[in-house]
Amino acid sequence: MTGSAMSSRSPGPSASSRSDATRARLLDAATAEFAAKGFHGTTTRDIAGAAGMSPAALYVHHRSKEDLLFAICRIGHQHFLDLVRDAARAATDPTARLREIARAFARNHAVEHTLARIVNYELGALSPEHHEEVLRIRLAIEDEVRTVVEAGATEGAFDVPDTGVVTTAILSLGIDIARWYREDGHWDPDRIADWYADLTLRLVGARP
């Protein structure tokens, strides 16, 4: 083969991109298996099989089943933190900001219900170090919402006797959507989001 012919060929995927694709495939497989069987009911062989890989190949990319769960929980919580921050920037006054946060949080816990169930209900299976790292992101989500609730209370837009309790209630209701939501149910994610946004404003006693 001549040098000019070699230079005209499109380069193949790099080792780094192939590795990233493999990790993504493993995370998708682990998410599906954990959702179907729970963390403790899933084996590394289950995950590798779902990803079309050998069990030995899994350990090239992840040290353990718990390491896979940690990656899913970290990515999932960061996703929801980014979502809340983006929603908060979409409006200026506390009422509109909280409405946007509530809508986005609820809708995504319906759309991403499989991921949300794992990242919220399998945290107990994480190692103490991994649990602490995920908890920091979880607390950041709480801080974002509480800041908006406190701003509304300070401005007199909300009637909130305890901003901490109300913030926990708002997030807990949204998280629970992932537990009961079904794609073949009567409510679609947009309808849930609208209903949840209205409920959230009622919880903080938003004034008309």
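Predicted model: local features only at pLDDT ≥ 70, side-chain atom pairs only at ≥ 80, totals over all residues.

Reader: How many aromatic pairs does a search of the whole structure find?

Author: The search finds four aromatic pairs.

Reader: Why is the pair of F34 and F39 called tilted?

Author: Rings of Phe, Tyr and Trp (its six-membered ring) pair if their centres lie within 6.5 Å; planes under 30 degrees apart count as stacked, over 60 as edge-to-face and the rest as tilted. The centres of F34 and F39 are 5.3 Å apart and their planes are at 55°, so this pair is tilted.

Reader: What makes the pair of W187 and W195 tilted?

Author: Their ring centres are 5.6 Å apart and their planes are at 50°, so the pair is tilted. W180, W187 and W195 form one aromatic cluster.

Reader: Why is W187 called partly exposed?

Author: Buried means under 20% relative accessible area, exposed over 50%, and partly exposed in between (1.4 Å probe, protein chains only). W187 has a relative accessible area of 31%, and is therefore partly exposed. W195, at 45%, is therefore partly exposed. Both F34 and F39 are buried.

Reader: What makes K65 a charge over the ring of F39?

Author: The term requires NZ of Lys or CZ of Arg within 6 Å of the ring centre and within 35 degrees of the ring normal. The charged end of K65 sits over the ring of F39, 4.3 Å from its centre.

Technical notes
Residues numbered from 1 in each chain as written. Heavy atoms only, no water.
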